[in-house]
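I opened this model to take notes on its fold, its core and its loops. My entries follow in the order in which I looked things up.

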Amino acid sequence: MEAVSASLVERLMVRQREMLADEIEFLYLARGLDIRIALTGPDKSHLTIESAPLCEVFIARMVRDTEFIMLLERADFKKVTLGDGEGFVWNHSFEN
């Protein structure tokens, strides 16, 4: 029973991460912003977002002034990579 419960929880968390990625993509596209989102890893726990507005200053403000990173941690992401698609990349790994 315990193994079945753990498997079910993991599948639900993967689905939650997929839904969150879809929601982020929708929010960007609704504002007319080009965005590329990828979920990788066997449990889709590495989120990669690339979009021109994700420059160093914007990412620093987003991390400092919003609950975005906390939201990703609650969805059980292990790593997030944000970048502008032109060479700037910011990585964050969550401690477990």
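Predicted model: local features only at pLDDT ≥ 70, side-chain atom pairs only at ≥ 80, totals over all residues.

In which sense do strand 3 and strand 4 pair, and over how many bridges? I find strand 3 (residues 79-83) and strand 4 (residues 89-93) paired in the antiparallel sense, over five bridges. Strands count as paired here if DSSP finds at least two bridges between them. I looked up Val80 and found that its bridge partner in strand 4 is His92. The hairpin has five residues between the strands, and Gly85 takes a positive phi near 80 degrees there.

Residues are numbered from 1 along each chain as its sequence is written, and side-chain values use heavy atoms, with hydrogens and water left out.

Entry 3, overall fold. I list three helices and four strands, in the order α-β-β-α-α-β-β from the N terminus. Helices (H or I, at least four residues) and strands (E, at least two) are DSSP runs, numbered from the N terminus. The C-alpha atoms fill a box of roughly 50 × 25 × 20 Å along the principal axes. Of the 96 residues, 29% are buried; buried means under 20% relative accessible area, exposed over 50%, and partly exposed in between (1.4 Å probe, protein chains only). Among contacts (heavy atoms within 4.5 Å) with a separation of 6 or more, 48% join residues 24 or more positions apart.

Which residues have the most contacts inside the largest nonpolar core? They are Ile24, Leu47, Ile49, Phe68, Leu72 and Leu82, in a core of 18 residues. Helix 1, strand 2, helix 2, helix 3 and strand 3 each supply at least two residues of this core, and helix 1 gives the most, with four. A nonpolar core is a set of buried Ala, Val, Leu, Ile, Met, Phe, Trp, Tyr and Cys residues joined through side-chain atoms within 4.5 Å. I then followed Ile24: not counting residues up to four places away in sequence, Ile24 touches Ile35, Ile37, Leu47, Ile49 and Phe68.

I find Ser51 in the loop between strand 2 (46-50) and helix 2 (56-65). Ser51 is buried, with a relative accessible area of 0%. Leaving aside neighbours within four places in sequence, Ser51 is in contact with Tyr28, Asp34, Ile35, Gly83 and Asp84.

Most residues other than glycine have a negative phi, so I looked for exceptions. Lys44 has a positive phi near 50 degrees. Lys44 sits in the loop between strand 1 (36-40) and strand 2. Is Lys44 buried or partly exposed? Lys44 counts as partly exposed, because its relative accessibility is 30%. Asp76 also has a positive phi, near 70 degrees, and lies in the loop between helix 3 and strand 3. With a relative accessibility of 24%, Asp76 counts as partly exposed.
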